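Here is a short briefing to read alongside the structure, arranged by topic.

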Amino acid sequence: MTAKTLARGRRRMKELAGKTAFVTGAASGIGLGIATAFAQAGAKVMLCDIDEAALSAALEQLRLTNADVDGVKADVSLKAELAAAAQATTDRYGKVHILVNNAGVGGGGWTDASWNWTLGVNLMATIWGIEIFWRLIDQHGEGGHIVSTASIAGLIAGSNYPYDVSKYGVVALSEGLRRDLAPRGIGVSVLCPGFIRTQIMTSRRNLPQRFEGAVPAAPTSGPIAERINMVRERVSGGIDPLYVGELVREGVEKDWPYIFTDLEFEPMIEARFAAIKQGFDNIRGRNPKR
Ligand SMILES: NC(=O)c1ccc[n+]([C@@H]2O[C@H](COP(=O)([O-])OP(=O)(O)OC[C@H]3O[C@@H](n4cnc5c(N)ncnc54)[C@H](O)[C@@H]3O)[C@@H](O)[C@H]2O)c1
């Protein structure tokens, strides 16, 4: 993206220092890693989370380093709460330059409530975050960036259907939006982490009250339990979330379309591409009937 292709009067954001970022799911894990890395780079950061106690603790820690941070409680799967959090951000800091749609949950099986919870936090909140914040970023003309946390599961699907569907959605939205917002000086990146050492395996701690009793507990034996235990082990020995935060900072500064954390799943993604290519090969040389 060069300055030449920008719409008139538009600038690209070159560095984070002095800019304002809004980060969802910022009280723990990857979101806290991103908020920390951004604050260390001199950005003002509004941390948003559903978990008030964790949010206060995170703010207290960050303020020890003289970071310019503040917090706002919101269940991002409720559009009105996300809109109120955006208002709180502009009230506190004026302009917003960076949106990080990061809040996410692991999900909990195949029921309507599980689908609604998972799609609500992982996908609808990302859709609404973009809808609410892109205008706020666009209106000052100083450029900005939108990062959304998908997952490697946004590029290769497994058996956690609601989660994988939500993450494919985040990748699709980011890819389309990147093309459309580039001329306005707004970069778009999608973060696709592998296994990161966070609290993701205890997502139910933040299950909104309206879903209580409707999202079944994870099985304790059988193939699904085995898969969950394997993932739990990989997450507990996973990559440091602050390392991920620093990668995101670099990805924003260099306007990377995809931000990966490691190479573990590259062969599986290549295998998916090969399977897609095979699909084309199956019909190569035919003349579709019209
Ligand atoms: N940890 C991994 O291995 C991994 C891998 C790939 C993708 N991800 C993604 O990273 C993102 C961050 O998750 P994490 O691993 O840091 O987990 P985490 O549980 O440590 O952090 C998630 C944060 O989101 C908050 N949150 C949950 N529901 C919310 C809601 N309705 N409204 C506002 N905030 C809410 C939680 O309170 C928590 O602070 C998620 O989108 C997750 O899907 C994680």
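Rings of Phe, Tyr and Trp (its six-membered ring) count as a pair if their centres lie within 6.5 Å. With that cut-off, ring pairs join Trp110, Trp115 and Tyr161 into a cluster. Please keep in mind that this is a predicted model.

**Confidence**

- Confidence is highest in strand E1 (residues 20-24), at a mean of 99. At the other end of the range is helix H6 (residues 223-236), where confidence is lowest, at a mean of 95.

**Around the ligand**

- The ligand is surrounded by 31 residues, and the closest are Ser28, Asp49, Tyr163, Thr198 and Asn206.
- By residue class, this shell divides into 15 nonpolar, eleven polar and five charged residues.
- Helix H1 (29-40) supplies at least two residues of the shell, and helix H5 (161-181) likewise supplies at least two.
- Tyr163, one of the closest residues, has a side-chain N or O atom 2.7 Å from an oxygen atom of the ligand.
- The backbone takes part as well: a polar backbone atom of Gly194 is 3.3 Å from an oxygen atom of the ligand, and a backbone N or O atom of Ile50 lies 3.3 Å from a ligand nitrogen atom.

**Aromatic pairs**

- Five aromatic pairs are counted under the ring-centre rule.
- Phe22 and Phe133 form a stacked pair, with 4.5 Å from centre to centre and 25° between the planes.
- Phe22 belongs to strand E1 and Phe133 to helix H4 (residues 112-139), so this pair ties together parts that are 111 residues apart in sequence.
- Are the two partners buried or exposed? Phe22 counts as buried because its relative accessibility is 0%, and Phe133 is buried too, also at 0%.
- Phe195 and Phe265 make an edge-to-face pair, with centres 5.9 Å apart and 65° between the planes.
- This second pair links distant parts of the chain, 70 residues apart: Phe195 sits in the loop between strand E6 (186-192) and H6, while Phe265 sits in the loop between strand E7 (258-260) and helix H8 (266-283).
- Both Phe195 and Phe265 are buried.

**Positive phi in two loops**

- Asn66 is a residue other than glycine with a positive phi, near 65°. Look for Asn66 in the loop between helix H2 (52-63) and strand E3 (69-73).
- Asn66 counts as exposed because its relative accessibility is 72%, and the cut-off for exposed is over 50%.
- Asp255 also has a positive phi without being glycine, with a value near 55°. Its place is in the loop between helix H7 (241-253) and E7.
- Is Asp255 buried or exposed? Asp255 is buried, with a relative accessible area of 10%, and buried means under 20%.

**Residues to visit in the helices**

- Asp138 lies in helix H4 and counts as buried at 9% relative accessibility. The Asp138 side chain makes a polar contact of 2.8 Å with the side chain of Arg184.
- Gln87 is in helix H3 (residues 79-93) and is partly exposed, at 45% relative accessibility.
- Gln87 and Ile132 are 45 residues apart along the chain, and their C-alpha atoms are separated by 9.8 Å.
- Glu60 is part of helix H2 and counts as exposed, with a relative accessibility of 57%.
- Where does Leu155 stand relative to Glu60? The two are 95 residues apart in sequence and 36 Å apart in space, from C-alpha to C-alpha.

Technical notes
Residues are numbered from 1 along each chain as its sequence is written. This is a predicted model: local features need pLDDT of at least 70, side-chain atom pairs count only at pLDDT 80 or more; totals for chains, interfaces and linings use all residues. Side-chain values use heavy atoms; hydrogens and water are left out. A residue is near a molecule or strand if one of its heavy atoms lies within 4 Å of it. A polar contact is a pair of N or O atoms within 3.5 Å; within protein, one must be able to donate a hydrogen and the other to accept it, and residues adjacent in sequence count only if both atoms are side-chain atoms. Helices (H or I, at least four residues) and strands (E, at least two) are DSSP runs, numbered from the N terminus. Ala, Val, Leu, Ile, Met, Phe, Trp, Tyr, Cys and Pro count as nonpolar, Asp, Glu, Lys and Arg as charged, and the others, Gly among them, as polar. pLDDT is the predictor's confidence in each residue, from 0 to 100. Rings of Phe, Tyr and Trp (its six-membered ring) pair if their centres lie within 6.5 Å; planes under 30 degrees apart count as stacked, over 60 as edge-to-face and the rest as tilted. Buried means under 20% relative accessible area, exposed over 50%, partly exposed in between (1.4 Å probe, protein chains only).
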